[in-house]
Amino acid sequence: MSFSCVSASAEEKAGDLLRATQFTMAGDATRVRLLVHFDREPLVRWFLLRSPHRLVIDLPEAAFVIEPDSVKPRGLVREVRYGHLDAGRSRMIVGGKGPFKVEAFDVLKNETSEGYRLVVDLVAASEQEFEQALLLQADKTGSTEVPKSDPLGKPEETAAPKRFTIALDAGHGGIDGGAAGLTGTVEKDITLAFAMELKQKLEQEGRYSIVMTREKDEFLRLDERVRIARQAAADLFISIHADTIRAQGVNGATVYTVSDRASDEDARALAERENLADQVAGIAVSDENRDVADILTDLVRRETHSFSLRFARTLVGELSTQIEMIKNPHRSAGFRVLRAPDVPSVLVELGYLSDAGDEMRLKDPEWRKKAIGSICGAIGAFAGDRAGAGG
């Protein structure tokens, strides 16, 4: 079956074909909205394909008058292709950076101009959620896209139970070094070393699946870190950092959760610094991305936020018995990296590199061992509670 793009010259000869006159895409690595404008109401059909993850949109034969730059990869979307398919049909294919779910798919009449628009909202999801959507699609349409050997087609009782999954996020990386210590310690190195040691300890327990947002010195956008956790269907997200502060004599660890209103001025200032990580790497955070971040804030489910608070309190309790904590060690602010609506998330500041004592402790293997033991204890208690509550 041929699939070729329609050129502008072909469009001029297209007569009364449906016209796709504008394409826009806004969002980030966790959520993207696609808008396609048409001169009249299109009859559309959509379905999902795997390997790689794709959304396929079938249309009546159409003339595409779309700026090439508008379909460049953005956020969750890896590629967009469009063109003539066969007699009477055209097609758009949206490829994702991993699994996603179609949260909304609507054809709406324009309120202030002629024509219609197709609105599609895609949200990062786990592989299991994508496969479940494929099965639902097969049930509704009789599609043969899901092979009989598909593992999700097996009876539930034969499926292995999912392990409690933890996403460990070593803050900063690559061009974004983060904070710097009094003797030259760099935050990105401390956080990666600590995260790798924590991963090793958790894997030794044999109870968990561990996903790392990074395992080497590389830069990751904040929304990419959230996407990795969501697509892994993580049950818990822990972002690890080590801050600096101008105030003298401030030291100790802190645990943060997300909130629209910061718990205090220091928390607000820290969140602002951490949220600038993308700009440090020369990536402009557009108004569109901020809009998406605001949407995600609104979508943080009360249950997920409650679980985040519960784990944060447990973690503070465990850490307080082993290492020094800052005054009022559980704080909150608008951290972008904690905005996954379906993954309980905390940010742990291990200490202040601006304090000589904290900097020395962060490099001390025995101190790290105690801190890691406390975090593992908190995770164990939290995972046990979740299992007892049925997940």
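Trainee: What order do the strands of the open four-strand sheet take, and how do they pair?
Mentor: The order is 3-4-7-6, and the pairing is antiparallel. Strand 3 (45-49) and strand 6 (77-86) are the edges, each pairing on one side only. From one strand to the next, the twist averages 20 degrees, with axes fitted as lines to C-alpha atoms and angles between N-to-C directions running from 0 to 180 degrees.

Trainee: Before we go on, what are we looking at?
Mentor: It's a predicted model, so local features need pLDDT of at least 70 and side-chain atom pairs count only at pLDDT 80 or more, while totals for chains, interfaces and linings use all residues. Numbering starts from 1 along each chain as its sequence is written, and side-chain values use heavy atoms, with hydrogens and water left out.

Trainee: How do you know that strand 3 and strand 4 pair?
Mentor: Strands are DSSP runs of E, at least two residues, numbered from the N terminus, and two of them pair if DSSP finds at least two bridges between them. Strand 3 and strand 4 (residues 54-60) have five, in the antiparallel sense, so they pass. Across that pairing, F47 stands opposite V56 in strand 4.

Trainee: Which helices does the salt bridge of R368 and E197 tie together?
Mentor: The side chains meet at 3.0 Å, N to O. R368 is in helix 10 (residues 365-388) and E197 in helix 3 (residues 187-205), so parts 171 residues apart in sequence are tied together. R368 is buried at 14%; E197 is partly exposed at 27%. Elsewhere, salt bridges that share partners join R45, D58, D86, R89 and R91 into one network.

Trainee: What is the mean pLDDT, and where does it stay under 50?
Mentor: pLDDT is the predictor's confidence in each residue, from 0 to 100, and the mean here is 86. One stretch under 50 is residues 1-14; another is residues 287-293.

Technical notes. Contact means heavy atoms within 4.5 Å. A salt bridge is a side-chain nitrogen of Lys or Arg within 4 Å of a carboxyl oxygen of Asp or Glu. Buried means under 20% relative accessible area, exposed over 50%, partly exposed in between (1.4 Å probe, protein chains only).
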